[in-house]
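Trainee: I have a new model on screen. Can we walk through it together?

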Amino acid sequence: MLSYQHAYHAGNHADVLKHVVLLALLAKLAGKDKPLRYIETHAGAGGYDLRAPAARKNREYLGGIGKIWNAGGMPEAVARLVDLVRRYNDGATTVERYPGSPWLAREMLRPTDSVYLFELHPAENRALEHALGADRRVTVLRVNGLEGCIGLVPPPERRGLVFVDPSYETKDEHSQVVDALHKAHRRFATGTYAIWYPVLERRWVERFERAVRGIGIDAVDVYELRVAPDGRGEGLTGSGMIVANPPWRVREELAIALPWLARELGVDGGGSYRIGD
Ligand SMILES: C[S@@+](CC[C@H](N)C(=O)[O-])C[C@H]1O[C@@H](n2cnc3c(N)ncnc32)[C@H](O)[C@@H]1O
C-alpha cells in the first residue's frame, strides 16, 4: 500500500526537524576528509512545489519552513537548512518550493561520496530520478528500502549514513524498521543510522524507542520536537529522530537548535523538545 504522498506535508514542522538533524549529521560526517556512502530507504520525490494543490490543501509548510524563513538569530544548524532552501528557491522572496531530503543531502556531499536512494512509489520514483538521477554519484532504486539497504552495508568506504524516513502507513512498519536496523547494524556496526518517527501517541513512541534501544547499539541519541502537547487529538503534534552512532559533537549543535525551534514553531507557546540518550 503506497497511499502516502509527501507533497501534502512538505516543509512542515516534522520536515524542519528531520532535515535540521540530517544536515547536522552530514556536516559532521562530510567534515572528515574521507569518502562516505549516503543511503536513504524512503527518499520521496526529491522536491516539492508549495504552490501546487497538494501542498496548498492544508498549507502545512506555514507551520514549518514558512515560520522560520525570515526569522532572526537562527542557530547554525537551522541556518544551514534555511540557506539551502533559499538556494533551492533561486532567490525568491517567499518560500515557493521545498527540497526533499535527497536534494538536501546531496548538497552536503563531495565528489568522492556515493548516494543510494530507494523509492517504491512509481510516480515519486520517476520524479526523484528526474531530479537527481543525472548526478553520477546517485543511484535511484525502485526497491523496498528496508530490504535493499541491508545489501549496501558495509560500504567499501567503511563510513556511511543510513537515513530511514517511513510514513508508518501499516501497523507493522515500525517493527520492519527495527528489524532492518538490527540486520544492517549487525553487518555495519560503526555506521550512523537516523530514523524519523511521528509523535501521534506517546505510548507508541515509548514502545518504538524501547525496541530500537533493545538492539544493543552502543550510542543512541533521540532528538524530538513537539509543537503542541501530546494527545491533543490534532494529528501530528511532534516528531523525532533516533540517531544511532551519532558523529562526535553533533549533539552540542542540536542542543542549541532544538530549544530555538520549539520556541519558533510551537503553537500558542506550546512547543517543547527532548534530547535523550
Ligand atoms: C516520508 S516520505 C519521504 C520523504 C523524504 N525522505 C524527505 O524528507 O524529503 C516516504 C516515502 O517512502 C516511500 N515508501 C514507502 N514505503 C517504502 C519502502 N518500503 N521502500 C521505499 N520507499 C517506500 C513512499 O512512497 C514515500 O514517498
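Mentor: Start with burial. Of the 277 residues of the protein chain, 55% count as buried. Buried means under 20% relative accessible area, exposed over 50%, partly exposed in between, with a 1.4 Å probe and protein chains only. This is a predicted model, in which local features need pLDDT of at least 70, side-chain atom pairs count only at pLDDT 80 or more, and totals for chains, interfaces and linings use all residues. Residues are numbered from 1 along each chain as its sequence is written, and side-chain values use heavy atoms, with hydrogens and water left out.

Trainee: How many helices and strands does the protein chain have?

Mentor: Both are DSSP runs, numbered from the N terminus; a helix (H or I) needs at least four residues and a strand (E) at least two. On that count, the protein chain has ten helices and ten strands.

Trainee: What radius of gyration does the protein chain have?

Mentor: The radius is taken over C-alpha atoms, and the globule rule is 2.2 Å times the number of residues to the power 0.38. The C-alpha trace spans about 45 × 40 × 40 Å along its principal axes. For 277 residues, a compact globule would be near 19 Å, which agrees with the value for the protein chain, 17 Å.

Trainee: Which percentage of the contacts with a separation of 6 or more joins residues 24 or more positions apart?

Mentor: Contact means heavy atoms within 4.5 Å. Among contacts with a separation of 6 or more in the protein chain, the share from residues 24 or more positions apart is 77%.

Trainee: How far apart do the centres of the positive and negative side chains lie?

Mentor: Lys and Arg count as positive, Asp and Glu as negative; His and the chain ends are not counted. Each charge is placed at NZ of Lys, CZ of Arg, CG of Asp or CD of Glu. There are 37 positive and 35 negative side chains, and their centres lie apart by 2 Å.

Trainee: Which side chain makes a polar contact with the side chain of Arg-80?

Mentor: Arg-80 sits in helix H4 (residues 76-88). It counts as buried because its relative accessibility is 15%. Beyond four places in sequence, the contacts of Arg-80 include Leu-23, Ala-24 and Met-108. A polar contact is a pair of N or O atoms within 3.5 Å; within protein, one must be able to donate a hydrogen and the other to accept it, and residues adjacent in sequence count only if both atoms are side-chain atoms. At 2.8 Å, the partner of Arg-80 is Glu-253.

Trainee: Is Arg-137 buried or exposed?

Mentor: Arg-137 lies in the loop between helix H6 (122-132) and strand S5 (138-141). Its side chain has a polar atom 3.4 Å from the backbone oxygen of Leu-109 and one 3.2 Å from the backbone oxygen of Arg-110. Its relative accessibility is 18%, so Arg-137 counts as buried.

Trainee: What is omega for the cis peptide bond that joins Val-153 and Pro-154?

Mentor: Pro-154 is in the loop between helix H7 (145-148) and strand S6 (160-164). For the cis bond from Val-153 to Pro-154, omega is about -5 degrees.

Trainee: What phi does Asp-268 have?

Mentor: Asp-268 is in the loop between helix H10 (250-265) and strand S10 (272-276). With a relative accessible area of 77%, Asp-268 is exposed. Although it is not a glycine, Asp-268 has a positive phi of about 50 degrees.
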